[in-house]
Amino acid sequence: MEKRYWWKESVVYQIYPRSFMDSNGDGIGDLNGIISKLDYLQELGIDVVWLSPVYESPNDDNGYDISNYQAIMDEFGTMEDWERLLEEMHNRGIKLIMDLVVNHSSDEHAWFVESRKSKENKYRDYYIWRDGKDGKEPNNWSSFFSGSAWQFDEATEQYFLHLFSKKQPDLNWENPQLRKEVYDMMTWWLEKGIDGFRMDVINMISKEKGLPDAPSVPGEQYSSGHEFFMNGPRIHEFLQEMNKEVLSKYDILTVGETPGVSPEDAVLYTAEDRNEVNTLFQFEHMDLDSGNGKWDVKPLQLADLKWSLSRWQKGLENQGWNSLYWNNHDQPRIVSRFGNDKEYRNKSAKMLGTLLHMMKGTPYIYQGEEIGMTNVKFSDISAYKDIETINMYNEKLEAGVDKDVIMNSIYIKGRDNARTPMQWDDSEHSGFTTGTPWININPNYTEINVKQALEDKDSVFYYYKKLIHTRKSNDIIIYGSYDIWQEDHSQVFAYTRSFKEQTLFVACNFYGDTTTITIPDIFANEQRQILITNDDEEQLNGTKLTLKPYEAKVYLV
Ligand code: NOJ
């Protein structure tokens, strides 16, 4: 059996602080607001909170642009509030992991303020500065947030690199002094007693020497350049150094956000004997409904989802460790995405939770997922706050794309789908704030909210609570090996887990009509036990199991 660790046996809950709970009526969620909801999280049964950035920030990208890594954003509270939050979490047996955003800082960080002053400045080399080429940018890389990844700076007549917004200059990890400052900062937080880090786009910190042009894309001014900075040449060296200098000294959970990794890459990052990080967020299953261009949409094919999740389950077996997630602050809401947020909202939200939580890896729940919150449609772009969404809208509009087409892709893929405030009750502003919320509430808060969920025994909330509890009471869910079952079934995602003498069988109907599946022989005998299901009726005839729309069944023998 694989080695046991607390972070393999935990369920993590992600809080996006701006939208979680406002305690002072300014319309913005804050730390005291989170403290007031810790009993709720305890009731759900989660073990760890991942807190999205709460550091000082001008909020160009809602806190992912940090101007001081060792101070709390005024809007969120004070360092004393944060210390109280940690204490209150620990009192309840909840651990806290903080967001580590060190691929870039804010342009308002003291390092960058210095760096841009002159070429001789002591901090110049903390960032990535280059001369232009033929009167243009140093290379053709594009920013994730539209346009070039380079910004010209008048003061020294050079460009600096920013893979995200121009207020998020990339840090230069080639500089050992910069690396040491980052490690010291991490140690400072760990000494305060935190339980780990979620590491923002950590596989982008090592850039290819010479920052070469990417092959050009027909019809596009810029190219992504991903091959020159995702999983770059020194990435494993940097992470091993970070591990040696900092991480190895603490018993913590580290999860790296790593777009563009394969299961083989993931083993390199997470294998225990490599001393890098515990686990990763990969994106393959989140890209299955994407077309070619940015936020171009295509319907999910169930076969693709089976292929992808299965190859991650098998690829990391006994070698690394998966993270399991459907949602975060960058992704649309899963019940609207792979489920049915109308007639079958309750049923499909539970089915999706079942599929994920019965797999091997550490599960993550994003705020609101546990009550089946949905995507939102604001009719006008002015209601949207996300920089990526707004830049994309403007870029596409300029390129002549029809406004309705752009809005439609924002409805399906936009990041603000996940960022509307938490729906606590059916009072004005959903109980999130007494003031004016920083972003509109999803109008369906009158029906979908925590108060309602806590009053309804059949709610998504209680089902998630049971999923968490079921995982904790059954080692097979944590450590059992995975095998896909009847891969060719067009409507059901089914798999088995095996551990010691036990076998688990999971079957999830992904569609709105009834279907049947043949289950493994051993589950046809009397000994089988239903571990969890979103439909109490059982229609089993020999080995033929009938599943109603979005039904999920989990059996143990
Ligand atoms: C990934 C984060 O999850 C996202 O919200 C952010 O915009 C980028 N990294 C840049 O920090």
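Predicted model: local features only at pLDDT ≥ 70, side-chain atom pairs only at ≥ 80, totals over all residues.
To find Asn62, look in the loop between strand E3 (55-56) and strand E4 (68-72).

Asn231 has a positive phi as well, about 55°, and it is not a glycine either. You'll find Asn231 in the loop between strand E9 (196-199) and helix H6 (235-245). Its relative accessibility is 24%, so Asn231 counts as partly exposed.

## A three-stranded open sheet

Now on to a sheet. Three strands make up an open sheet in the order E17-E20-E19, and the pairing is antiparallel. Strand E17 (515-518) and strand E19 (539-541) sit at the edges, each pairing on one side only. From one strand to the next, the twist averages 25°.

If you want to look at one pairing up close, take E19 and strand E20 (residues 544-547): they run antiparallel and share three bridges. As a reminder, strands of a sheet pair through backbone hydrogen bonds, either parallel or antiparallel.

## Aromatic pairs

The model has 39 aromatic pairs. Among them, Phe145 and Phe164 form an edge-to-face pair, with 5.4 Å from centre to centre and 70° between the planes. This pair links distant parts of the chain, with the two residues 19 apart. Phe145 is in the loop between strand E6 (129-130) and strand E7 (150-153), while Phe164 is in the loop between strand E8 (158-161) and helix H5 (176-191).

## Charges over rings

Which residue lies over the face of Trp129? That's Arg124, at 3.8 Å from the ring centre. Another case involves neighbours in the numbering: Lys294 lies over the face of Trp295, and here the distance from the ring centre is 5.6 Å.

Key: Residues numbered from 1 in each chain as written. Heavy atoms only, no water. Helix = DSSP H or I, 4+ residues; strand = E, 2+ residues; numbered from the N terminus. Buried < 20%, exposed > 50% of the residue type's maximum accessible area, 1.4 Å probe, protein only. Pairing = 2+ DSSP bridges. Axes fitted to C-alpha atoms, helices over the stretch in contact; angles between N-to-C directions. Phe/Tyr/Trp six-rings, centres within 6.5 Å; stacked < 30°, edge-to-face > 60°. Lys NZ or Arg CZ within 6 Å of the ring centre and 35° of its normal.
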